Amino acid sequence: MELKDWRAWLKQQSDVDNEGDWHLFFNYQRLMTALLVDKDLPPKVMAEIIEQEI
């Protein structure tokens, strides 16, 4: 649920205007990538991440 909320918030941002926004965007992308390479990630979570990113 938290990941969905974070992604929704990022989509509402029209532009990365400052360093803080850039860090939020970068950290989100890095976390999603790290989760996808985790072999123990539940398939439901993996599907959710992939669906949101497409």
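Colleague: Is the crossing in which helix 1 passes helix 2 left-handed or right-handed?
Modeller: Helix 1 passes helix 2 in a left-handed crossing, a term used when the near helix is turned anticlockwise from the far one by less than a right angle, with clockwise giving a right-handed one. This is a predicted model, in which local features need pLDDT of at least 70 and side-chain atom pairs count only at pLDDT 80 or more, while totals for chains, interfaces and linings use all residues. Residues are numbered from 1 along each chain as its sequence is written, and side-chain values use heavy atoms, without hydrogens or water.

Colleague: At what angle do the axes of helix 1 and helix 2 cross?
Modeller: The axes cross at roughly 140° and come within 11 Å; they are lines fitted to C-alpha atoms over the stretch in contact, with angles from 0 to 180 degrees between N-to-C directions. Helix 1 and helix 2 are therefore oblique to each other, since angles under 35 degrees count as roughly parallel, over 145 as roughly antiparallel, 65 to 115 as roughly perpendicular and the rest as oblique.

Colleague: How many helices and strands does the protein have?
Modeller: There are three helices and zero strands, counted as DSSP runs numbered from the N terminus (helices H or I, at least four residues; strands E, at least two).

Colleague: Turning to the surface, which residues form the nonpolar patch?
Modeller: V16, W22, F25 and F26 form it, with about 360 Å² of accessible area together. Areas come from the Shrake-Rupley method with a 1.4 Å probe, and for residues only the protein chains shown count as cover. Patch residues have over 30% relative accessible area and no salt bridge, with like charges joined within 9 Å and nonpolar side chains (Val, Leu, Ile, Met, Phe, Trp, Tyr) within 5 Å. A salt bridge is a side-chain nitrogen of Lys or Arg within 4 Å of a carboxyl oxygen of Asp or Glu.

Colleague: Where is F25 found?
Modeller: F25 is in helix 2, residues 19-36. Its relative accessibility is 37%, so F25 counts as partly exposed; buried means under 20%, exposed over 50%, and partly exposed in between (1.4 Å probe, protein chains only).

Colleague: And Q52, buried or exposed?
Modeller: Q52 is buried, because its relative accessible area is 14%. This residue belongs to helix 3, residues 43-53. The C-alpha atoms of Q52 and L3 are separated by 9.9 Å.
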